[in-house]
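Here is a short briefing for a first look at the model. Please have the sequence and structure open as you read.

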Amino acid sequence: MLRKEPLCLRRKDLFCVAIIGFHRAVPMTELSAHLPQFQHGQLTENFPDNHLCNTNDNSERRRHDNSERRRNDNPESETNGQPQNRTQQVVEQDEEDEELTLKYGAKHVIMLFAPVTLCMVVVVATIKSVSFYTRKDGQLIYTPFTEDTDTVGQRALNSILNAAIMISVIIVMTILLVVLYKYRCYKVIHGWLIISSLLLLFFFSFIYLGEVFKTYNVAMDYITLALMIWNFGVVGMICIHWKGPLRLQQAYLIMISALMALVFIKYLPEWTAWLILAVISVYDLVAVLCPKGPLRMLVETAQERNETLFPALIYSSTMMWLVNMAEEDPEAQRKASKSSTYDKQAAANQIQNEDADLDDGGFNPEWEQQRDSRIGPLESTPESRAAVQALPSNSQASEDPEERGVKLGLGDFIFYSVLVGKASATASGDWNTTLACFVAILIGLCLTLLLLAIFKKALPALPISITFGLVFYFATDNLVQPFMDQLAFHQFYI
Amino acid sequence: MTLAVFFGCSFIAFGPALGLCLFSVVREPLRVIILVAGKAIEGLVALSEDGCSPISIQQMAYVAGLGFGLMSGAFSMINLLADALGPGTVGIHGDSQLYFLTSAFMTMVMIFLHTFWGILFFHGCETQRWWEMVAVIFTHLIVSGLTFWNPLYLGSLIPSYLLMFATAAWAYVLSGGCTQNLLRSLQGQQSETSPQPGS
């Protein structure tokens, strides 16, 4: 469904982000669909003190809803319970449009391609080289039924039961998170997050490193190892939960997503894994779109309170600038917040000029000429920004000088990587199947972002990609691969 | 087989295509999307109608063709390359010893052909010339049929390359190129006509 001007997105449109945050108490984290999030007007620093910026902005024009999914973990086993929060930003559109061309959206789609691809590459590379993650060493307590049964029917039944248990745990945890959030038990949630980050950054990376050393037969003493793990973990905690360079934070988020995905791939038996992927997508769809869904309730609660949730669980591709604050010194504000992914700039006069010069976000000079010819030159000045800031927060008017930032929740990374990793681990088609699933996920991501631009409300990002991925996996493995095999054997090309 | 075989074959097969990618696609995010998602983004067609088109139909044809070519090449080559890293001897049972090399060359020619076919096909659709589309399909069938002559590589590779050059020339002409520009660019001078899809 396209609108009448399908590709010219309103500049103020916010992509609704449905994020299912994950709780990282233990290996499992689930994040579900994230949609790229453009923030109009108010750009918030996308650092871990994102929530601080948001809470400081009482008059923000946009509302954030973050949804996160958390998991509870027992120390020993991975749990799947994940409460979900959803972040949703709704942007009002102006009547007269400054229209955002698809180029702007395209740039942000690419900003999502790169980290998703990187995470998948890391997972596939590990699966192919480190045999630990394809070795069967038991199952999680949340999937108690074994798949080594005598009959196919028994195996199918067991995997269905496993998936049902997993999904129930997830639903329970989601509801728990909604309850915690509703009753403002922030400390509990923060503590939960910190424990899960600790476990991921220290324990699981230690295991990973140990297995990599075993694979490549590298001799390592405990002292050096302790030093490495300590540094890795502490810097990771600081980057993720507090402040750090953007690239480092992104790298850490990708690494922990990959670690989590690897744990999933190792401990979920085959049929259970595919079933869980399918059911999670359906659950994501239901939870995000149904009026009584837990994610939606979380989003609405966060909207009422005008705050964001747990930004540490969200991958952000750019820093977002703090716009407005007409009271603030523009110089200081710019210097404090200006650290683009593309370049650092010295003092500049106008934020948008700087952006136009160095990081135009897709708004190249041709676009600006078109815009100027259509609607006249428009510039955002501190006065205009202050005027808009002064509007009541639920006002529909919106003037945004800048939009930046694409956010994707880590759960999406994890599930995409689980799909591709499982494909590379268990497919008979081997690399063809892996490649097909990879492309399927990217196409699904594209389509999700396109739908997001069209519908402008929170949409889950998992269903489309996972559906495509599953279809491509089974189709390629069973139909395409035997055919390609025979073709390659005879060296025929089609 | 050795790493040398692996890298050699992968660069033969994918080097030119990746070079094309790097120089013409990677800088434009829209082109990357079209490369991945193919022609699925119909909205872009609408964009080109109301004048604020970030990408011309020719560029889209080029990128879509390149995407198709890369996918087809990847599917052909990737298992071969994975096996090239492992142990074994090529042709130990009496088959041709040039298996990897010829596969790499064949893949390269297929990638190029897909790119040019994309341009031709789009042009045929745009200008309602059905015979161009038929020619594209026909040449595709011919090239695939030529591979039936493997392992008689002379019979399959050389005609394929000739066809590839012919298709390249045709696509070049259709995109607005002329021999003068070609000569000028080969001599290192600026071309004055409209940019070609590859630029």
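The points below cover pockets, core and confidence.

This is a predicted model, in which local features need pLDDT of at least 70, side-chain atom pairs count only at pLDDT 80 or more, and totals for chains, interfaces and linings use all residues. Residues are numbered from 1 along each chain as its sequence is written, chains are lettered from A and ligands numbered from 1 in the order written, and side-chain values use heavy atoms, without hydrogens and water.

**Largest pocket**
- The largest pocket has a volume of about 1,500 Å³.
- A pocket is an open set of points on a 1 Å grid over the protein atoms alone, where a 1.4 Å probe fits, with protein on both sides within 12 Å along at least five of seven lines; lining residues have an atom within 4 Å of a point.
- Grid points are joined across faces, edges and corners, and the volume is the space filled by probe spheres set on them.
- Both chains contribute: α2 (102-129) and α14 (431-455) of chain A, and α1 (3-25), α2 (29-37) and α4 (57-84) of chain B, each supply at least two lining residues.
- α2(A) gives the most, with eleven residues.
- Helices are DSSP runs (H or I, at least four residues), numbered from the N terminus.
- By class, this lining has 33 nonpolar, five polar and four charged residues.
- Ala, Val, Leu, Ile, Met, Phe, Trp, Tyr, Cys and Pro count as nonpolar, Asp, Glu, Lys and Arg as charged, and the others, Gly among them, as polar.

**Second largest pocket**
- The volume of the second largest pocket is about 700 Å³.
- It is lined by 30 residues; the closest to its centre are Ala488(A), Phe489(A), Asp95(B), Tyr99(B) and Phe100(B).
- Its lining divides into 14 nonpolar, twelve polar and four charged residues.

**Nonpolar core**
- The largest nonpolar core holds 144 residues; Leu66(B) is one of those that touch the most other members.
- Such a core joins buried Ala, Val, Leu, Ile, Met, Phe, Trp, Tyr and Cys residues through side-chain atoms within 4.5 Å; buried means under 20% relative accessible area (1.4 Å probe, protein chains only).
- Beyond four places in sequence, Leu66(B) touches Ala17(B), Leu20(B), Cys21(B), Val25(B), Leu35(B) and Thr115(B), with contact meaning heavy atoms within 4.5 Å.

**Confidence**
- Chain A averages a pLDDT of 71, on the predictor's confidence scale for each residue, from 0 to 100.
- Residues 1-99 of chain A stay under 50, as do residues 321-358 of chain A.

Note on methods. Buried means under 20% relative accessible area, exposed over 50%, partly exposed in between (1.4 Å probe, protein chains only).
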